[in-house]
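Here is a two-chain model to look through. Have the picture open while you read, and take it one part at a time.

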Amino acid sequence: MKAFITVIGKDKIGIIHGVTAVLKNYQVNVLDITQTLLQEYFTMIMLVDLAAMTIDFKELKETLEAAGQDLDMSIRIQHEDIFHSMHTI
Amino acid sequence: MINYKNIMETIRMIEKEKLDIRTITMGISLLDCCDSDGEKSRIKIYDKITKSAENLVKIGDEIETEYGIPIINKRISVTPIALVAQSSRDLNFVAYAKILDKAADTVGVNFIGGFSALVQKGCTKGDQALIAAIPEALAATEKVCASINVGCTKSGINMDAVRDLGMIIKKTAELTKDRDSIGCAKLVVFSNAVEDNPFMAGAFHGVGEAECIINVGISGPGVVKSALENMKGQPFDVVAETIKKTAFKITRVGQLVAQEASKRLQVPFGIVDLSLAPTPAIGDSVGRILEEMGLESCGCHGTTAALALLNDAVKKGGIMASSHVGGLSGAFIPVSEDEGMIHAVNIGSLSLDKLEAMTAVCSVGIDMVAVPGDTPAATLSAIIADEAAIGVINNKTTGVRIIPVHGKSLGDTVEFGGLLGHAPIMAVSKFSSDDFISRGGRIPAPVHSFKN
């Protein structure tokens, strides 16, 4: 299963590290990253592969949300199919 | 990788515009739960529901977590209970409502629909027993919803049932008077009722349906309104096209959730109902979409045309997005559940008469309307008759969910709480329909040719 992680908030040092540290801990592989900075607002979208994940999805989601709180960013993880189903036929 | 703009659009729809899956409703046939012994029949019903829906809430929550889309309600619809209960020797069907309530509690769903009877052409003994049990059943239970189909295009309108239901609604209001007559919010009187509607209070599992199915109801008025905000001053062609595209995207999510729920529960997928279902929350209103089209306030002249366009465009957009569209599909206009409509009633721009006109083009009918507690039963029956006539003649589903709130009168407001919202009391005609309703009998089925 693949999922998109979206990270949104005010730009600061250590955002990518904060997120990827969690992913590394649980064997989540990053397949692609894109990021934009609009004025002070930082948005990052990561496509990740959860095939080898060592934790269940709900716990990963909660851990990422907790990391988001530490960074003062909003972090979401969603199954890739919700985006594909909405935007592709 | 899917593009950045699309991902952010989906997230914005969910986070800011309140896109959600309104309900995953499991339809369960209870036709094999009949028994001449009512007690045995109810044991079968309880066992079947709790076994079939054992994992419904858990799976719903899992899908919500994985896809990041809120799934607000998990619900159950069952075979109209009149069909099941009338095999028993019981004369009072309230115990059937209680067992449904208990089963709903056990599996953790928030509503169970199907305390119902289909009487469009006439009542059997069991239908009469079920109708008579409605007030007590709705007062004695929390989660049970009732519905009665009193008319259909092919058979006309059963005016005896219409007359009786005016009195049943009054009695239901009386028995739940300590909670602002909330029992009436759990009762819909339909014409042309659909068998696969996942939305409450009118959901039941029709006799033409399979053993067990998954139906999904989507929502998303906020998404449509937001899309129209960028189309100010554009002609209606553009408005319709924008609504269609938005409805398509919303419905795709519904289809995904329905397929996933069906796979995980190992229950066949029934339909996606692509209704715009408002909530009392700001930004989740159908009334505000109509205003976005250029109306000063929902209910002013032009509202019916705006709603007709919206209802049609939602269907057109959604139909291609799902393999099976069904239910009520369109735009709901439940007054107490729609922030924009509540506001429109409060400022005097939306009346019951205008609402009735709107029901000729919306997806259902007069919905969640609070009227004075002293409204005569015959007036309620006459409102039902008017709605049934609109449905029967125009070959569409109509419904009436009206609450004569005990002890309240014009100028008062009633608070139902949660998704049921709050409503100002609306005026009904002060002139009597008594003699009209007391006639009883049937209004014949309409001719299907010479349409004008």
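In chain B, take the contacts between residues at least 6 apart in sequence: 80% of them join residues at least 24 apart. A contact here means that the C-beta atoms of two residues, placed from the backbone, lie within 7 Å. Keep in mind that this is a predicted model, where local features need pLDDT of at least 70, side-chain atom pairs count only at pLDDT 80 or more, and totals for chains, interfaces and linings use all residues. Residues are numbered from 1 along each chain as its sequence is written, while chains are lettered from A and ligands numbered from 1 in the order in which they are written.

How big is chain B? Its C-alpha atoms fill a box of roughly 65 × 55 × 50 Å along the principal axes. A compact globule of 452 residues would have a radius of gyration near 22 Å, and chain B agrees with that at 21 Å. (The radius is taken over C-alpha atoms, and the globule rule is 2.2 Å times the number of residues to the power 0.38.) Chain B has 15 helices and 13 strands; these are DSSP runs numbered from the N terminus, with at least four residues (H or I) for a helix and at least two (E) for a strand.

Of the 452 residues in chain B, 61% are buried. Buried means that 20 or more other C-beta atoms, placed from the backbone, lie within 10 Å of a residue's own; exposed means 12 or fewer, and partly exposed is in between. Helix H12 of chain B (residues 339-346) is largely enclosed by the rest of the structure, because six of its eight residues are buried. Among them are B:Met341 and B:Ile342, and the cover over the buried residues includes helix H10 (286-292) and strand E12 (422-424) of chain B. Just after H12(B) comes B:Gly348, with a positive phi of about 85°.

Strands pair if DSSP finds at least two bridges between them.

| Pair | Sense | Bridges |
|---|---|---|
| E1(A) and E3(A) | antiparallel | nine bridges |
| E1(A) and E4(A) | antiparallel | seven bridges |

A:Val7 bridges to A:Met44 in E3(A) and to A:Ile75 in E4(A).

Where do the chains meet? 20 residues of chain A are in contact with 17 residues of chain B. On the chain A side, H3(A) gives the most, with seven residues. By class, that side has seven nonpolar, eight polar and five charged residues. Nonpolar covers Ala, Val, Leu, Ile, Met, Phe, Trp, Tyr, Cys and Pro, charged covers Asp, Glu, Lys and Arg, and the others, Gly among them, are polar.
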